[in-house]
Every structure is written in C-alpha cells, then in structure tokens.
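Have the viewer open and follow along.

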Amino acid sequence: MRPMKLILFVILVLPFTYCKDDPGSSFSYDNGDDDTTKAGELIWSDEFNGQGAPNTNNWTYDLGDNGWGNNEVQLYTSDRKNVRIEDGKLVIEAVKEDGQWTSARIKTQNKQTFTHVTVKARAKLPDGSGTWPAIWMLGDNFPEVGWPECGEIDIMEHVGKDPGVVHSALHTPSSYGNTQNTGEIEVPDFDEAFHVYETEWTSERISFKVDGELFYSYEPTEQNARTWPYDHPFFLIVNIAMGGNWGSDPQYESDGKKNGIDPALERARMEVDYIRVYAN
Ligand SMILES: [Ca+2]
C-alpha cells in the first residue's frame, strides 16, 4: 500500500474496524482503541451536555408497548417529553396522559459496547409506587443467542413500591429472572440527591458500589457459559418502566394485570448527570 493510501486507511478506516482482542489483556472493548489504555483510564463517557435529543453517536431507542417481557404498562417513545438533554443531564420522564403512561428506554446497542470495564453513572431516581427505573447492560449477542444466554448486568434498579432500596443483579443461564445473583443497598435519599451507581466488571468478578461503597460481588467458582456470559461486549440501557412483574404495586393492580401504579402519580423523572466507562 502506498504511504498516502496507508495514512488515509489508518485515519479513516481503522478507527471503525479495529477490535481489540488480545487474550493477554485484562480489558477489552470494541469501539475504537489506541491500544495504550491503562487500567482506570476513562475510555468513554456521555456527560449529557447540550440540549435536545441524546447524542445519536451513542444512543438509540427501544420503542413500543409490548410489555418488554415483564408485562410493563408504559409505551416507550423518543419524544422530548419522555427523553431529553437538559441542564447537563439526561432526563427520562414517564408521563401519564389520558390514563396512558409513556416513557423512554435508550441504549448504546451497535454504537458503544464494552467488555471488562467499570461503569459509573451519577443519577437521581424517580419516586412513586409503580416506577421501575434502571441503568443496565445487555450482551451485544442478544439478537443471535437471546436472553439470558447473552448475559445481563443490572447496575442499578429501584422499584418505587420499596423506596430507598437499590438493587444490582446478574442474569445468566444458570440464574435468571428471580435471580439469586443479586445484592441491595439502602439509599434513603435516592429521589432527592445524586448518587454514583458503579459496576466494576473484570474477567474474574463483577462488583457493585454506590458512592464507592461495595455492597455486592459476583465471582463464580467455576466460569462457564452458564455462570459467566461476561467475556464479550455489552451495551448500556437507561429506562423507566412503569408497573410490570417487579415494578407493579399489588395494592393498585386491576383486571389481574401487573399495572399497579399509584393513581395519584402523574410523572416520574430520572436524571443522569453522566455515564463514564473506565478500562480495567
Ligand atoms: Ca452532566
């Protein structure tokens, strides 16, 4: 290849095609890498600056009202009333209009994916029984292998019917749904203050912290496809579900559905100041 063509190839093509796959390395990610990243180094972030829609370099949408596998009641939209950048924050807001809940679920699928990284998300959560906000990750082979084979990492989940208790969990072929691989921590001012929800994911274990305080760690004694679907890229998801198998509050349910939401609730708002991803 002639030098000028080689330079153009390096500048234009390599950043989009290079995929780090070094088995001797303690970290990898597939969204462009200069091969000099050190543990603890910031490799990607969204600070949610600007106004309007989330950055399309990073985020795309899940849309619709199919219940999302959990009998959830909300309709996911990409409308600014449900998802927007405002005052340096990502705002996801579930809204009730004419009895119908709309909300948003955004994801970095096919845009930004990561393997063996630490994720820190600084967020303030919604209050209200029936809300179910989450910041989480799903294996990018989900379309091919399905769930739970792709693996799931729940960085933060909160159900408003049990206010002030933040949950983190892993879903794997060996334990999923009502998974045994879960931990929780009390965050009494979850809806009034920003806290840093953190997951440290290495090739050996996945640990969960709030404001730096470790409260759960998953480290199977034997790693195999059933216990450890965590050696491939994952994408990020941020959403507020309403009702659903876990979020629904039984005291407000009707017609035998998982639609238990405080009838006095009109809005539920989550704000995310940043999501930062670091090499491990
Ligand atoms: Ca910010």
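## A covered strand

How many of the seven residues of β13 are buried? The answer is five, which leaves β13 mostly covered. A residue is called buried if 20 or more other C-beta atoms lie within 10 Å of its own, exposed if 12 or fewer, and partly exposed in between, with C-beta atoms placed from the backbone. Strands (E, at least two residues) and helices (H or I, at least four) are DSSP runs, numbered from the N terminus.

Before going further, please keep in mind that this is a predicted model, in which local features need pLDDT of at least 70 and side-chain atom pairs count only at pLDDT 80 or more, while totals for chains, interfaces and linings use all residues. Residues are numbered from 1 along each chain as its sequence is written.

## Confidence and overall make-up

The pLDDT, the predictor's confidence in each residue from 0 to 100, averages 90 over the protein chain, and 88% of the residues score at least 70. Residues 1–28 have a pLDDT below 50; beyond near neighbours in sequence, this stretch makes 27 contacts in the model. Where pLDDT is low, the predicted coordinates should not be read in detail.

The protein chain holds four helices and 19 strands, and 40% of its 280 residues are buried. Two residues are in contact if their C-beta atoms, placed from the backbone, lie within 7 Å. Of the contacts with a separation of 6 or more, 69% are between residues 24 or more positions apart.

## The strands around β12

Strand β12 spans residues 152–157, and six of its six residues are buried, so β12 is largely enclosed by the rest of the structure. Strands count as paired if DSSP finds at least two bridges between them. On one pairing, β11 (residues 131–139) joins β12 in the antiparallel sense over five bridges, with I135 opposite M156.

β12 also runs antiparallel to β13 (residues 165–171), through four bridges. Here E152 has H171 as its bridge partner, and I153 stands opposite L170. The pattern carries on from β13 to β14 (residues 182–186), an antiparallel pair with five bridges; A169 is partnered by T182 in β14.

I261 sits in the loop between α4 (244–247) and β19 (267–279). I261 counts as buried because it has 28 C-beta neighbours inside 10 Å. Leaving aside neighbours within four places in sequence, its contacts include S129, G130 and Y252. G243 is 18 residues away in sequence, with a C-alpha to C-alpha separation of 6.1 Å from I261.

D231 lies in the loop between β17 (213–218) and β18 (234–242). D231 has 14 C-beta neighbours inside 10 Å and therefore counts as partly exposed. Apart from neighbours within four places in sequence, D231 is in contact with T115 and S203. T115 is 116 residues from D231 in sequence, yet their C-alpha atoms are 6.6 Å apart.

## Backbone details to check

A cis peptide bond links W147 and P148, with omega about 10 degrees. P148 belongs to the loop between α3 (142–145) and β12.

Which residues other than glycine have a positive phi? D87 is one, at about 55 degrees; D98 is another, near 55 degrees. D87 is in the loop between β5 (83–86) and β6 (89–97), and is exposed because 10 other C-beta atoms lie within 10 Å. D98 is in the loop between β6 and β7 (100–103), and its 4 C-beta neighbours inside 10 Å are why D98 counts as exposed.
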